[in-house]
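Thanks for making time. I will go through one structure today, and I will keep to what can be computed from the atoms.

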Amino acid sequence: MPRPPLNEKDVLIEFHPVGNIVRVSAIDPATNTEVIIQGPASAGKTVLARNALAKLNYVLRKG
């Protein structure tokens, strides 16, 4: 049975600004799976966190 999608309360999200971009890491503590995305700093933390979480859920679904 597949796991339900994770939400922002289930994962660790880190923001690392690098010039005009922000590097965002999303980590599932249960599996130690980490994904990284990059986006413009002007996008805002909410949008970047949502995109990182979507990528993490995608990677976990693919196994």
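I start with a set of contacts: setting aside neighbours within four places in sequence, Asn57 is in contact with Pro5 and Leu6. Please keep in mind throughout that this is a predicted model.

Asn57 belongs to helix H1. Is Asn57 buried or exposed? It counts as buried, because its relative accessibility is 11% and the cut-off for buried is under 20%. Another asparagine of helix H1 is Asn51. Asn51 is classed as partly exposed, because its relative accessible area is 38%. Between the C-alpha atoms of Asn51 and Ile36 there are 9.9 Å, with 15 residues separating the two along the chain.

Now the helix as a whole. H1 consists of 18 residues, and from its first C-alpha to its last it reaches 26 Å, close to the 26 Å expected at 1.5 Å a residue. Which residues of H1 are buried? They are Leu48, Ala49, Ala52, Leu53, Leu56 and, as already said, Asn57. The cover over these buried residues includes E1, E2 and E3. After H1 comes Gly63, with a positive phi near 80 degrees.

Nonpolar side chains in soluble globular proteins tend to be buried together. Here the largest nonpolar core has 11 residues: Leu6, Val11, Val22, Val24, Ala26, Val35, Ile37, Leu48, Ala52, Leu53 and Leu56. Two or more residues each come from strand E2, 21–28, strand E3, 33–40, and helix H1, 45–62. H1 gives the largest share, 4 residues. Leu6, which I mentioned as a contact of Asn57, is one of the core residues.

Take Val22 as an example from the core. What does Val22 touch, leaving aside neighbours within four places in sequence? Its contacts are Phe15, His16, Pro17, Ile37, Gln38, Gly39, Ala41 and Leu48. Ile37 and Leu48 from that list are also members of the core.

Phe15 comes up again in another setting. The charged end of Lys45 sits over the Phe15 ring, at 5.1 Å from the ring centre. As for aromatic pairs, searching the whole structure gives 0.

Next, the strands. E1, residues 12–18, runs antiparallel to E2, and 7 bridges join them. Within this pairing, Ile13 stands opposite Ala26 of E2, and Ala26 is in the core. The hairpin of E1 and E2 has 2 residues between the strands, and Gly19 there takes a positive phi near 65 degrees.

E2 also pairs with E3, again in the antiparallel sense, over 8 bridges. How many residues lie between E2 and E3 in their hairpin? There are 4.

The residue to look at in that loop is Asn32. Most residues other than glycine have a negative phi. Asn32 is not a glycine, yet its phi is positive, about 60 degrees. Asn32 counts as exposed, because its relative accessibility is 65% and the cut-off for exposed is over 50%.

Asn57 is buried at 11%, Asn51 is partly exposed at 38%, and Asn32 is exposed at 65%. Asn57 and Asn51 lie in H1, whereas Asn32 lies in the loop between E2 and E3.

Methods: Residues numbered from 1 in each chain as written. Predicted model: local features only at pLDDT ≥ 70, side-chain atom pairs only at ≥ 80, totals over all residues. Heavy atoms only, no water. Core = buried A, V, L, I, M, F, W, Y, C linked by side-chain atoms within 4.5 Å. Buried < 20%, exposed > 50% of the residue type's maximum accessible area, 1.4 Å probe, protein only. Contact = heavy atoms within 4.5 Å. Pairing = 2+ DSSP bridges. Phe/Tyr/Trp six-rings, centres within 6.5 Å; stacked < 30°, edge-to-face > 60°. Lys NZ or Arg CZ within 6 Å of the ring centre and 35° of its normal. Expected span 1.5 Å × (residues − 1).
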